[in-house]
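Student: I'd like to learn how to read aromatic pairs and a ligand site in a model. Could you walk me through it?

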Amino acid sequence: RPRVLSGIQPTAGSFHLGNYLGAVRQWVALQEAHDAFYCVVDLHAITVEQNPKELRQNTRVSAAQLLALGIDPDRATLFVQSHVPEHAQLGWVMQCLTGFGEASRMTQFKDKSARQEQSVGVGLFTYPILQAADILLYQAHYVPVGEDQRQHLELTRDLATRFNSRHGKTFRLPEAYIVKDTAKIFDLQDPTAKMSKSVPGGVVELLEDPKRSAKKIRSAVTDTGREIIFDVENKPGVSNLLTIYSALTGRTVESLVVDYDGKGYGDLKKDLGEVFTEWVAPVQERVRMYLDDVASLDKILARGAERAREVASVTLRRTYDKIGFVLPE
Ligand code: ATP
Ligand code: MG
């Protein structure tokens, strides 16, 4: 079975709609026919300052959300990144392989560092390199992510290619698995920017009061004109709402456009608010259930980490050997 690997940051307690539609929904689908590894990437979260108590809580809340959204820990390997020390270990190897200029070209660093109010840590700069290690450790065939991660995937492939050509075939070259329709969900207040955990604005959070989400959807920025049509260039706001509506209901955008012919933006937004509220209620219920029993949740994560290490330790050992490290007995 082809291998898949992906991760999500516990930087905020709640995932947002972009995380679900761009990534986690694909994770759930892929676990059926693939050997799937999914992790809560807490090492990545500390690239910006974290409150320790919140980080611990957010890590569990993230795992609970993955389970509530449909990740099955008997089929997929679900774990916390810091439980598997090989990530940091291979991360160092990858850093030594990366050119400074190459790392400087990562556009997400430019965006995120420009927004940072505190001083920017080196970890924020090198985070795509650690991400490369996350993926390469598992010899993943596919990496289900949103469009914003495409450049990091390219870096991962470049590093794998470089190591392989220096030392002989060691890493599989992973491919991005990006579902075009939902690859980028936009902020409801600024439909030209991606919905993001670290940028407050029109972000629909899965764990907030659904009434609040419905209100955010009702007050989403739409466009001039009044026609409900799908046109990303000229009507990014309406198109974003149609994308979300379609993804949550399984109805095609075309059929929605036909249905809303003659109706106004207000109708579309009100209905989408209801669609979301109905979809999210059982998800929130299941999250609560997992968080009510932290001992069982931690046990699931411990089991996942053990399975992950079985794979990761083999890759790391082989890598160390190729580099010329004296392997410990
Ligand atoms: P941050 O802003 O802190 O980086 P994030 O919202 O980008 O947070 P991540 O944990 O970095 O969340 O990303 C988890 C997954 O969600 C990744 O695969 C990413 O590509 C995907 N993703 C994030 N935002 C969106 C979005 N707006 N549309 C589609 N996919 C998204
Ligand atoms: Mg991100």
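Tutor: Happy to! Rings of Phe, Tyr and Trp pair if their centres lie within 6.5 Å. Keep in mind that this is a predicted model.

Student: How many aromatic pairs does the count come to by this rule?

Tutor: The count comes to 11 aromatic pairs.

Student: And how is a pair of aromatic rings described?

Tutor: A pair of aromatic rings is described by the distance of the centres and the angle of the planes. Planes under 30 degrees apart count as stacked, over 60 as edge-to-face and the rest as tilted. Take Phe 100 and Phe 125: their ring centres are 5.3 Å apart and their planes lie at 40°, so the pair is tilted.

Student: Which parts of the chain does the pair link?

Tutor: Distant ones: Phe 100 belongs to helix H5 (residues 100–104) and Phe 125 to helix H7 (residues 122–136), 25 residues apart.

Student: Now the ligand. Where does ligand 1 sit, and how many residues surround it?

Tutor: Ligand 1 sits in the largest pocket. Around ligand 1 there are 22 residues, the closest being Lys 112, Asp 148, Lys 194, Ser 196 and Lys 197. The shell divides into six nonpolar, 11 polar and five charged residues. Its largest share, four residues, comes from helix H1 (residues 17–30).

Student: Which side chains place a polar atom by an oxygen atom of ligand 1?

Tutor: Among them are Asp 148 at 2.5 Å, Ser 198 at 2.6 Å and Asn 19 at 3.1 Å. The protein covers 98% of the 600 Å² of accessible area that ligand 1 has on its own.

Notes
Residues are numbered from 1 along each chain as its sequence is written. Chains are lettered from A and ligands numbered from 1 in the order in which they are written. This is a predicted model: local features need pLDDT of at least 70, side-chain atom pairs count only at pLDDT 80 or more; totals for chains, interfaces and linings use all residues. Side-chain values use heavy atoms; hydrogens and water are left out. A residue is near a molecule or strand if one of its heavy atoms lies within 4 Å of it. A polar contact is a pair of N or O atoms within 3.5 Å; within protein, one must be able to donate a hydrogen and the other to accept it, and residues adjacent in sequence count only if both atoms are side-chain atoms. Accessible areas come from the Shrake-Rupley method with a 1.4 Å probe; for residues, only the protein chains shown count as cover. On a 1 Å grid over the protein atoms alone, a cavity is a set of points where a 1.4 Å probe fits but cannot get out, and a pocket is an open set with protein on both sides within 12 Å along at least five of seven lines; lining residues have an atom within 4 Å of a point. A molecule sits in a cavity or pocket if more than half of its atoms lie within 2 Å of its grid points. Helices (H or I, at least four residues) and strands (E, at least two) are DSSP runs, numbered from the N terminus. Ala, Val, Leu, Ile, Met, Phe, Trp, Tyr, Cys and Pro count as nonpolar, Asp, Glu, Lys and Arg as charged, and the others, Gly among them, as polar. Rings of Phe, Tyr and Trp (its six-membered ring) pair if their centres lie within 6.5 Å; planes under 30 degrees apart count as stacked, over 60 as edge-to-face and the rest as tilted.
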